[in-house]
Amino acid sequence: RAVSEGSTLVMRAINTNQESAMKKAIAIAPRGKRAMELLNISVGTQSISPLFWSIESGSLNSARAMIVDLLTIRADRDVYYYGCDAMFTRHPDLILRLCNDASTLLWTLFDGLVWRSRLVQDGQRRVNYYIKHLVQDLDGNFSPALKWLAHHKDPRLVSHGVVMTFADLLWNRVASYQFLLGRGYFLFTLLVFITSQSFLVPGEEMLWRNILTFICRCFLYLGSMSKLLFDQCKLACSAFKA
């Protein structure tokens with residue numbers, strides 16, 4: 001019912017699966033309403049996304065035309081229009097959907113997240129990467145976009161400039177510190193283990209040697225093994241739920 005009663009020029013163009021038909025259908029929409037024409041059609045209490053509808057129905061040419069139109073920067077005398085925020089607000093899992101159903105459109109999406117200046121200065125051009133929604137979600141938490149791309153296992157895709165930029169940003173600003181901290185703690189526990197083993201030499205037992213060995217063993221069991229057990233239990237629970 002929602003599809004039949006909510007039939008618009010955009011929905012009809014999706015059925016043709018032609019980019020030219022989609023461009024003609026959306027050309028008459030004003031700049032401020034183009035994004036919603038492609039992202040949300042409401043019929044009563046039902047809501048349909050033409051973009052997701054085209055992906056689910058296999059009309060990838062229409063979906064490509066919609067993504068290009070959404071990621072085209074337009075302007076009038078008062079404001080600039082760019083559909084990136086509206087697209088990721090309407091579909092926070094867009095990257096996951098494209099990875100599963102239309103991986104060829106990922107290149108179109110990432111190309112649209114790059115703006116290059118037409119002016120050249122000293123042999124260089126200014127480039128803007130719009131990667132906000134790839135770094136954090138709508139709630140301000142870490143976005144799973146990089147995890148989705150890693151599970152997609154496409155080495156050519158991760159070499160795209162957008163993916164490299166936000167992956168390097170996450171590594172340099174967040175992940176590298178956590179990684180080095182974890183490796184440093186591991187090396188410290190290794191040194192503690194070697195130190196505790198060095199006291200286990202044959203000969204006369206000494207009280208201070210036994211005390212140091214006991215302290216080192218307590219640290220290893222409580223500070224290292226407990227974390228390993230917690231991580232393994234967490235992974236086991238996640239595996240059982242899956």
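1. Two strands pair if DSSP finds at least two bridges between them; strands (E, at least two residues) and helices (H or I, at least four) are DSSP runs numbered from the N terminus. Strands S5 (residues 114-121) and S6 (residues 124-129) pair in the antiparallel sense over five bridges. Within this pairing, Trp-115 stands opposite Asn-128 in S6. The hairpin of S5 and S6 has two residues between the strands, and Asp-122 takes a positive phi near 55° there.

2. The model is predicted: local features need pLDDT of at least 70 and side-chain atom pairs count only at pLDDT 80 or more, while totals for chains, interfaces and linings use all residues. Residues are numbered from 1 along each chain as its sequence is written, and side-chain values use heavy atoms, with hydrogens and water left out.

3. After H2 comes Asn-17, with a positive phi near 55°.

4. Ser-59 lies in the loop between helix H5 (50-56) and helix H6 (60-70). Its relative accessibility is 8%, so Ser-59 counts as buried. Leaving aside neighbours within four places in sequence, Ser-59 is in contact (heavy atoms within 4.5 Å) with Ile-14, Asn-17 and Ser-54.

5. The largest pocket holds about 210 Å³ of space. A pocket is an open set of points on a 1 Å grid over the protein atoms alone, where a 1.4 Å probe fits, with protein on both sides within 12 Å along at least five of seven lines; lining residues have an atom within 4 Å of a point. Grid points are joined across faces, edges and corners, and a volume is the space filled by probe spheres set on the points.

6. Helix H12 (161-198) and helix H13 (207-241) each supply at least two residues of this pocket's lining. The largest share, six residues, comes from H12. Among the lining residues are Arg-183, Phe-186, Lys-227 and Asp-231.

7. Gln-197 is located in helix H12. At 33% relative accessibility, Gln-197 counts as partly exposed. The C-alpha atoms of Gln-197 and Cys-216 are separated by 9.2 Å, the two residues being 19 apart along the chain.

Methods: Buried means under 20% relative accessible area, exposed over 50%, partly exposed in between (1.4 Å probe, protein chains only).
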